[in-house]
Number of protein chains: 2
Amino acid sequence: MPRVVDHAARRLEIVHALWAVIHARGLDSVSFRAVAEAGGVSIGRIQHYFPSKAALIREGCAQMVAAAEGKYREQAATAPPGSRLWALLSGSIPGTDAERLGAAVWYAYLAKSVSDPALAEIVLDAVRTSRSEAIQLLRAVRDELAATPDAALEEDALALLALGDGLTQRVLVGALDSAEAREVLARELTRQGVEGGSA
Amino acid sequence: MPRVVDHAARRLEIVHALWAVIHARGLDSVSFRAVAEAGGVSIGRIQHYFPSKAALIREGCAQMVAAAEGKYREQAATAPPGSRLWALLSGSIPGTDAERLGAAVWYAYLAKSVSDPALAEIVLDAVRTSRSEAIQLLRAVRDELAATPDAALEEDALALLALGDGLTQRVLVGALDSAEAREVLARELTRQGVEGGSA
């Protein structure tokens, strides 16, 4: 009987090793050899799953987005719109060491996306997806309160997302801790009449 | 008569070449050779001014901060507090190709600062300086309007700065253009009763 191999798990194991290399030495230091050493796997296995270094780096970026979306869906599953909006906006603020590593790797991808169209496409797609989600959620929350003109609502959603990203940046560089960042975000949501935020 | 050498200009010329290397190939690909080639100067000259690659990279980070502060001081020189606050908050939103390059390099430094204490110190210092400046300016603006409890004022200043950074990030990755980002920021300032913002 042939051995059952969980290919998705093996790909993910390689991606995790990639993130460790990016965190320790930066995106431009990535090589199959460095990832193999970090993950304790053979270069051959990496080559089996990824045709090129660029493909591996792209997969790492897509998996970051997928992990964030998975975490959001899990938190938001059966929650009311206000709580889902909170989960969406606060999701990127790192609270654990693993999340901090993730945020640092994401920043490396952001910096690189400026000169790498394939990464830019993944990043832009993620940014647009969370923007439409935030607009939808804010609309759902506000329908219970008052009619808001769509353009203003879209700008509010955008400002909330940008605030969340700016706070994440401050936590990343150590200028705020995650509790402080979540407080500022919760306060802004309360000011906008959104219930469900919890610092 | 000895030739007069403008050492500050030569150091800056090397730092500009460093930024070009960081933008094109990332922080971890920086070498004296790469910077020499990018700047059209000799490796020996770089070694004359910078004892190590790490010292050059740190100087590049410090010069980014100095350039941003210089630009802010120039814009804010004789302006009223509201306009100075606008200059402070909108200053990082890239409008030109050169500013976009600068923002991308800054993001590379942010990502790296997580694992590099010397860079973290420079970044943190810059973040704290702009935070106290924003608090002072917001206080000056609000004194003309109403007394605001200090803690709330400090949180408002922090939220405005974070919003500016989050908008900068969106312009950097191409999800917003700089006019849209400045509009969202101006709208938020107006909502907070600050005059002097101009999208």
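Between chain A and chain B, 12 residue pairs are in polar contact, with both residues at pLDDT 80 or more. A polar contact is a pair of N or O atoms within 3.5 Å; within protein, one must be able to donate a hydrogen and the other to accept it, and residues adjacent in sequence count only if both atoms are side-chain atoms. This is a predicted model, in which local features need pLDDT of at least 70 and side-chain atom pairs count only at pLDDT 80 or more, while totals for chains, interfaces and linings use all residues. Residues are numbered from 1 along each chain as its sequence is written, chains are lettered from A and ligands numbered from 1 in the order in which they are written, and side-chain values use heavy atoms, with hydrogens and water left out.

Helices here are DSSP runs (H or I, at least four residues), numbered from the N terminus.

Contact means heavy atoms within 4.5 Å. The area buried between the chains is about 3,700 Å², and carbon and sulfur atoms give 57% of it. Buried area is the accessible area (1.4 Å probe) that two parts lose on being put together, summed over both. A:R170, A:V173 and A:R187 supply 17% of the area that chain A buries against chain B, more than any other three residues.

Next, the relation of the copies. Two copies of a chain are related by a rotation about an axis and a shift along it. Here a rotation of 180° with 0.0 Å of shift along its axis superposes chain A on chain B, with an RMSD of 0.0 Å. The two copies are thus related as by a two-fold rotation axis. Copies are superposed by least squares on the C-alpha atoms of residues with pLDDT of at least 70 in both. Of the interface residues of chain A, 100% are also interface residues in chain B, so the copies meet through the same surface.

Now the charged pairs. A salt bridge is a side-chain nitrogen of Lys or Arg within 4 Å of a carboxyl oxygen of Asp or Glu. The structure holds 26 salt bridges over all chains. Between chain A and chain B there are eight. One of these joins B:D156 and A:R187 (3.0 Å, N to O). A:R187 also pairs with B:E155, with the closest N and O atoms 3.2 Å apart. That pair runs from helix α8 (residues 150-172) of chain B to helix α9 of chain A. A:R187 is partly exposed, at 31% relative accessibility. Buried means under 20% relative accessible area, exposed over 50%, and partly exposed in between (1.4 Å probe, protein chains only). A:R142, A:E155, A:D156 and B:R187 are linked in a network of salt bridges.

Other salt bridges lie within chain A. A:R11 and A:E59 meet at 3.5 Å, N to O. A:R11 lies in helix α1 and A:E59 in helix α4 (residues 53-76) of chain A, so the pair ties together parts that are 48 residues apart in sequence. A:R11 is partly exposed at 27%, whereas A:E59 is buried at 18%. A:E99 and A:K71 form another salt bridge, with their closest N and O atoms 3.6 Å apart. A:E99 is in α6(A) and A:K71 in α4(A), so this pair ties together parts that are 28 residues apart in sequence.

Turn to chain B. B:Y72 sits in helix α4 (residues 53-76) of chain B and is buried, with a relative accessible area of 10%. Leaving aside neighbours within four places in sequence, B:Y72 is in contact with B:R84, B:A87, B:L88, B:E133 and B:L137. With B:E133 there is a polar contact between side chains (2.6 Å).

A:G40 follows α2(A), with a positive phi near 65°.

Conventions: Helices (H or I, at least four residues) and strands (E, at least two) are DSSP runs, numbered from the N terminus.
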